[in-house]
Each structure stands twice: as structure tokens, then as C-alpha cells.
Amino acid sequence: MTALVSWVVFPLVLAAISLGLGLLVEAVSGVRLHGALLFPTGFAAMIIVGQLATAWSPTVPLATPAVVVLAAAGMALNLERLRGPVDIAAATAAIAVYAVYMAPVALSGGTTFAGWIKLDDGAWWLAVTDRIMTHGRSVAGLQPSSYEATVQYELATSGYPIGSFLPLGIGHVITRQDSAWLLQPYMAFLAAMLALVLYALVSRVIASRVLRALVAFAAAQAALTYGFALWGGVKEVAAALLVALAAALVTVATQKNAPVRSVIPLAVATAALAGALSVGAAIWLAPMLLGGAALALHAHGWGFILRRAGLLTGVVLVLSIPTLVIAKAFIRWERDLSTLTKNDLVNLFRPLKPEQIVGIWPAGDFRVDPGLRGPAYVLIAVAAAAAAYGLYRAWRSGAPELVLYTGGALVSLVLLMVPGSPWIDAKALATASPAFLVAAAVG
């Protein structure tokens, strides 16, 4: 029964809430989203609602009811969309990716989670999620203990971003299932949402829905992203999803005949990424947003851009209030930590190699070299050439969203790796890897 609730009921609950919230965002924005983007956009909205509710201890109990009520409202406002045809190819890609990410745990025969002996972050995330869903960021009243030390450090001292953990906590409240058994299904769910975004991103380049599904299925399994999911990398998988979602929504916000409020879905994705990464989100967002703005400026002029930029900025600031309140503490903590860990490998054996961005790394552990280096590097070279061709075809097909996604992710990666540490570089590579692999799969 525990396995059924954790592996099946829990992701279905998150999917239903995400769909309802996605429909609500669509209704408010006045623009019709690609069907595959409804779930990821709603997921981003779930992060925002959860953050706003848990920012103040007295309102914490409202977090779960709020997302449920808003999701129901979204469905009620958009019944026509609910009755529409289901994109079987997109659904198949998402379900298949979920199954692949769950396979190491599900095939073990019991509810568990992976990677505990490699990285103990799972313990931190479970403690943080537990505290957030009961008291928000408050640590008052806790007796000295390892639990108290953990939540004090994460929630009070460091101002650590909590956005990526809130849907896990909401799912725990609804299903009444121990969060420990939901941790792996949650990361698999994030990967499934990533597959849906990738499916939408390539929809204007690849006409065949079956081929789109194959591209999304492959690209969502970038070796580093998958590897981080197998040792508790909640934030990295969530960031990979939200970066891709923001790229997909840039062109939605800059459609010529769309209303100015068509920027709202992009604002939701932007604020959700800020909730997951704090100020670090700006490094991932800036290249994509600036690139999209440049294209829109060339096509539509300054008035078009300024109206949308103004509304986007205003909505993002309002939705990001909980993130902005703690940003100063997080910046100070991140600066101090970067000074201490400039050359710290943490639990890496050596710095990861830049070529791992390609998403192909046939080794049992991404921290070591592939056993068959020759064939592995041939595959990497083929993928690099295919990615260049894929981006060329996307540009020629009038689909700049794929170019903005891959190009923006590579620029962000460089910006992070130049001053970064080996550990930060590894996280950045895991976040950016699906962008390169999806371009290669398109090629």
C-alpha cells in the first residue's frame, strides 16, 4: 500500500494540482499555452503559492488548501480545455521518463530512496520540508538537537531557498505519506515535467509527435541530471525543469498579437526559479530573457518591449516577495561559503569535465571516467555535431525558443564556472545538461 500511494497516488495528486494551476495561469494570462506546458507552468505556480503561504508562520496551514482551491478554480474556469483531446505522445514521454527515474528504487522491491551513502542531502531536505510545512521558516521552540541544528542553519542562518521542496511538502500533507518515501518519486515527477517542457520546446521544429516524444524522452535523461536525481539532488532537477520552462515561455510572452498580460506565465516561471535558486536564478534567466527581448525588439519595436518588460518585472517582484525578504542572508551565506569552498570537491573525486554537459557519460558514477573512453568520446563528438545542426534547424524553422534555451544555458554555465568551485560547477552542469542534449536529439 505504501508503494502504491508513494509511486502512483502522490505523482497523480501533484499532476492534478499542476494541471489546475496551469489552467488558472492560462486563464489569467489570456493566452493559450501549448498543452504540454500546462502541467509544468502549474507546478511553478504551486511553488509560488506555497512560498507565499509559508512565508509567515500563522498562514502555513493555508498552503495546501490554497493550492487545491486555486487548482479547482483553474479547472472550473477552463472546462473546455479539460474536455479537449489528450496528447498521447507527450503523456507517454512524461510517464516513460518517470518510470526510468523511478526504476532503481521501484525495482528494488520496496519503498526507499537512492544515493544515501554518496550524499546525505536527503536528510537535510526531509528536515527542511518537515519544518516548512508546519512552522514556515520559524525555528522558535526547538530544543537543541541535530534536527534543530539543521533547520536553524538552512532556514534561519543561510536563508536557503526552499521553493523546490514545497510541492513535496504539499504532496505529503495530502497523501499523508512519509516524505522519505516520496522523495524519489518527487524527483522522478520533476523529470517527467522536464520531459513535457522539452516536448513543447521542439514542437515547432519536429512535426511528428512520436519523434518529439522520443526527443523529450532521451533529453530528459541527461547523464548528470539523472545522476543527481539518484543522490538526492532535488534542487538541480527542479532547476533544470524551471530553466527549460522559462525558455519555453519567453516566446509566449513576445507573441505579436498576444495581450500584454501574456507575460504572466513567464513571470510565474521566473519567480518559481527564484524561489528554487534565490538570486542565483538571475544568472540562468538573464541570457534567455535578454535574447528574447532582442528578438522581440527587432520584430516589434521599443513600445512592445517596454510594456511587457514593465509588467513582467512588476509581477515577478510581487510573486518573489518571500525570496527577496531572505535574499540578503542568502547572498551573505553564499559569499562566505564560496570563499571557504573555492577548491573544495565536497564529495566529488575530481572536478567534473566540461564535456559532461553533452549528457552522455556511460559510467556507473558520473564522478569517474567511462570504462570505454573511446566509444564514449565518439558519441560525445557525434552529439556535439548534432546539437549544432539541431540549433541551426531550429533557427531556420522560426523556433528561437530552442536556441534561447540551449544558448542561454551555455552562457549561464560559463558565467557560473569561471568564478565557481568544483562543487558549484557540477550542479551547474547538471542543470544545463538537458539543454545541450535536447539540441543534439533534435539534430
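Predicted model: local features only at pLDDT ≥ 70, side-chain atom pairs only at ≥ 80, totals over all residues.
**Entry 1**

I started with the charged pairs. The tally came to 8 salt bridges.

**Entry 2: E26 and R81**

I looked up E26 and found its side chain in a salt bridge with that of R81, at 2.8 Å from N to O. E26 sits in helix α1 and R81 in helix α4 (residues 79-82), so this pair ties together parts that are 55 residues apart in sequence. Buried or exposed, I wondered, for E26? E26 is buried, at a relative accessible area of 5%. R81 has 18% relative accessibility, and the cut-off for buried is under 20%, so R81 counts as buried too.

**Entry 3: R209 and D87**

Next I checked R209, whose side chain meets that of D87 in a salt bridge of 3.7 Å, N to O. Which parts does this pair tie together? R209 is in helix α10 (residues 209-219), while D87 is in the loop between α4 and α5 (88-106), so the bridge links parts 122 residues apart in sequence. I noted R209 as partly exposed, given its 47% relative accessibility.

**Entry 4: K427 and E236**

Then I turned to K427 and E236, whose side chains form a salt bridge at 2.8 Å, N to O. K427 belongs to helix α19 (residues 422-442) and E236 to helix α12 (residues 234-253), so I have a tie between parts 191 residues apart in sequence. I looked up the burial of both partners. K427 is buried at 16% relative accessible area, and E236 is buried as well, at 6%.

**Entry 5: a network**

Which residues are linked in a network of salt bridges? I wrote down R350, K353, D369 and R373. D369 is the acidic member here, and a salt bridge needs a Lys or Arg nitrogen within 4 Å of an Asp or Glu carboxyl oxygen.

**Entry 6: the nonpolar patch**

Last, I left the charges and went to the surface. M1, L4, V8, V9 and L12 make up a nonpolar patch there, and together they have about 500 Å² of accessible area. V9 is part of helix α1, which covers residues 2-29. V9 is partly exposed, with 34% relative accessible area. A patch residue has to have over 30%, so V9 passes with its 34%.

Note on methods. Residues numbered from 1 in each chain as written. Heavy atoms only, no water. Patch = residues over 30% accessible without salt bridge, like charges linked within 9 Å, V, L, I, M, F, W, Y side chains within 5 Å. Areas by Shrake-Rupley, 256 points an atom, 1.4 Å probe, with all protein chains shown as cover. Helix = DSSP H or I, 4+ residues; strand = E, 2+ residues; numbered from the N terminus. Buried < 20%, exposed > 50% of the residue type's maximum accessible area, 1.4 Å probe, protein only.
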